[in-house]
Amino acid sequence: MMNRKYILTTFSLLLCFFTSLHAKTWTLDECIQYAMDNNISLQKAGLTRQTNLETLKSSKAALFPSLSFSTSHNVAYNPWRANGTTTVTGSQVESSSSTTSYNGSYSVGANWTVWNGNRNTNTIKQNDIAEQVAEQDSITLARTIEEQIATLYIQILYSKEAVKVSKESLEAAKVNEERGMQMVKVGSMSKAECSQLSATRAQDEYNVVNAESNVLNYKRQLKALLQIMDDDADFDVADTDATDAMALQQIPALQSVYESAKANRPEVKTALLSVKSAELQQKIAKAQRYPTVSLNASAGTTNTSLSQNSWGDQIKNNFNVGAGVTVSVPIFDQRSSRTAINKANIQRQSAMLDVQNEEVTLHSTIERYWIDANNYQNQYKAAKVSTTAAQESYDLLSEQFAVGLKNIVELQDGKTRLLSAKQSELQSKYMTILDIKMLELYKK
């Protein structure tokens, strides 16, 4: 009996432990770090960088000589061979009357491109830039994911606050509906007027459901970005107290953010690296007009069954070594080099335009966040005053309605103004925080 009780107790504790782990809430930093470690697109970007790194290593290895070994073995059958037939093998003259013969050869060869107009060294530099571009592309993707996570995270916080506002409005609507029913009983309100209060309560219930649906939708988008496949009920973000100070903090200067982003953003670095790569491509294209100088060397030997000498003697006697220099001078290449040079020039011009376009896009994006941050911050300051006034007005209307001094139309109008003011304050507050956060991300 004790063992069974102990087992049940242990199982319950373990169940509670794993449930608490599974239902953990996620902070913004945890979401970003999880995405950096697990996002599939980021992992693929890392593989692309590894591929470019291997290409770079291969181009560096091309500076060294190549060395290869080859051997061939052949059997020949000559059924009508005449007696005393002679065969020249290497430097030896062999004779045999055998109808079947065997020949073998062994050779080692080396080749080294000494100079080809610096195409090899410029190719190394270009491949090095390609590896750097892959790195910057990976950072760009990481930054984009980070910005998307921050946007969705703040949208979830905003939507959860919107649910609270909708529920507060629903509770007020229920109170008014209950008052209306009591007033109908005592004859101070008609059923038609009470039905309007019931309709308002039903609309507020719908608003709550819609607000909760928005929360689930944003959670779904964040989970998809994090590539988490848990149930919606098991995923939640940590509630962060969005204070007035966060929304009313000083907004970073536009030019300061732009200058910092221009110097640090990976998109701009990628565009600048593309210009350098295009310049190297120009040099590689021009090198096609220069001669290519290469050295080669070889050593080899042969053996045959037609010889009466031993295999070792044949290998020794037939051994030979050779070396040479090859100079290849292009004379007429059917406009291949000219076309390559022109294309490289066009590529460089295009890369320079990409840099300008990237800077314009960057400035426009930062300016949009800066303008929105200022607008929403000013709206938030005004909305706070409007909400306070609307709350005081609605509280007074509710008291007057309870004693029959105000009618249902006036009460509903006051409630609508209050709900609109709260929603405007909430939206402007979180949008200000979001835009300031974006400016901080672009500045770092």
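At what angle do helix α4 and helix α5 pack, and how far apart are their axes? The angle is about 165 degrees, and the axes of α4 (residues 119-186) and α5 (residues 191-226) are 8 Å apart. This is a predicted model: local features need pLDDT of at least 70, side-chain atom pairs count only at pLDDT 80 or more, and totals for chains, interfaces and linings use all residues. Residues are numbered from 1 along each chain as its sequence is written, and side-chain values use heavy atoms, with hydrogens and water left out.

**Helix packing**

- Helices (H or I, at least four residues) and strands (E, at least two) are DSSP runs, numbered from the N terminus.
- Axes are lines fitted to C-alpha atoms, for helices over the stretch in contact; angles run from 0 to 180 degrees between N-to-C directions.
- Helices α4 and α5 are therefore roughly antiparallel to each other.
- Nonpolar covers Ala, Val, Leu, Ile, Met, Phe, Trp, Tyr, Cys and Pro; charged covers Asp, Glu, Lys and Arg; the others, Gly among them, are polar.
- Helix α8 (residues 266-286) packs with helix α10 (residues 336-402) at about 170 degrees, with axes 8 Å apart.
- The helices α8 and α10 are therefore roughly antiparallel too. Their contact holds 13 nonpolar, 6 polar and 6 charged residues.

**A residue in α5**

- Arg220 lies in helix α5.
- Arg220 has a relative accessible area of 45%, so it is partly exposed. Buried means under 20%, exposed over 50%, and partly exposed in between (1.4 Å probe, protein chains only).
- Arg220 and Leu152 are 68 residues apart in sequence, and their C-alpha atoms are 9.8 Å apart in space.

**The sheet**

- An open sheet is formed by 4 strands in the order β2-β5-β7-β8, with antiparallel pairing. Two strands pair if DSSP finds at least two bridges between them.
- The edge strands are β2 (66-77) and β8, and each pairs on one side only.
- The twist averages 20 degrees from one strand to the next.
- Strands β2 and β5 pair over 12 bridges. Ser72 has Ser105 in β5 as its bridge partner.
- Strand β5 (residues 100-115) also pairs with β7 (residues 292-304), over 12 bridges. Here Trp112 stands opposite Leu295 in β7.
- Strand β7 pairs with β8 (residues 320-328) over 9 bridges. Val293 stands opposite Val327 in β8.

**Aromatic rings**

- The structure holds 6 aromatic pairs. Rings of Phe, Tyr and Trp (its six-membered ring) pair if their centres lie within 6.5 Å; planes under 30 degrees apart are stacked, over 60 edge-to-face and the rest tilted.
- Trp26 and Tyr34 have ring centres 5.1 Å apart and planes at 85 degrees, so this pair is edge-to-face.
- Trp26 is buried, with a relative accessible area of 13%. Tyr34 is partly exposed, at 28%.
- Trp26 and Phe235 have ring centres 6.0 Å apart and planes at 40 degrees, so this pair is tilted.
- The pair of Trp26 and Phe235 links distant parts of the chain, 209 residues apart. Trp26 sits in strand β1 (residues 25-26), and Phe235 in the loop between α5 and β6 (236-237).
- Phe235 is buried, and so is Trp26.
- One aromatic cluster is formed by Trp26, Tyr34 and Phe235.

How values were computed: Angles under 35 degrees count as roughly parallel, over 145 as roughly antiparallel, 65 to 115 as roughly perpendicular and the rest as oblique.
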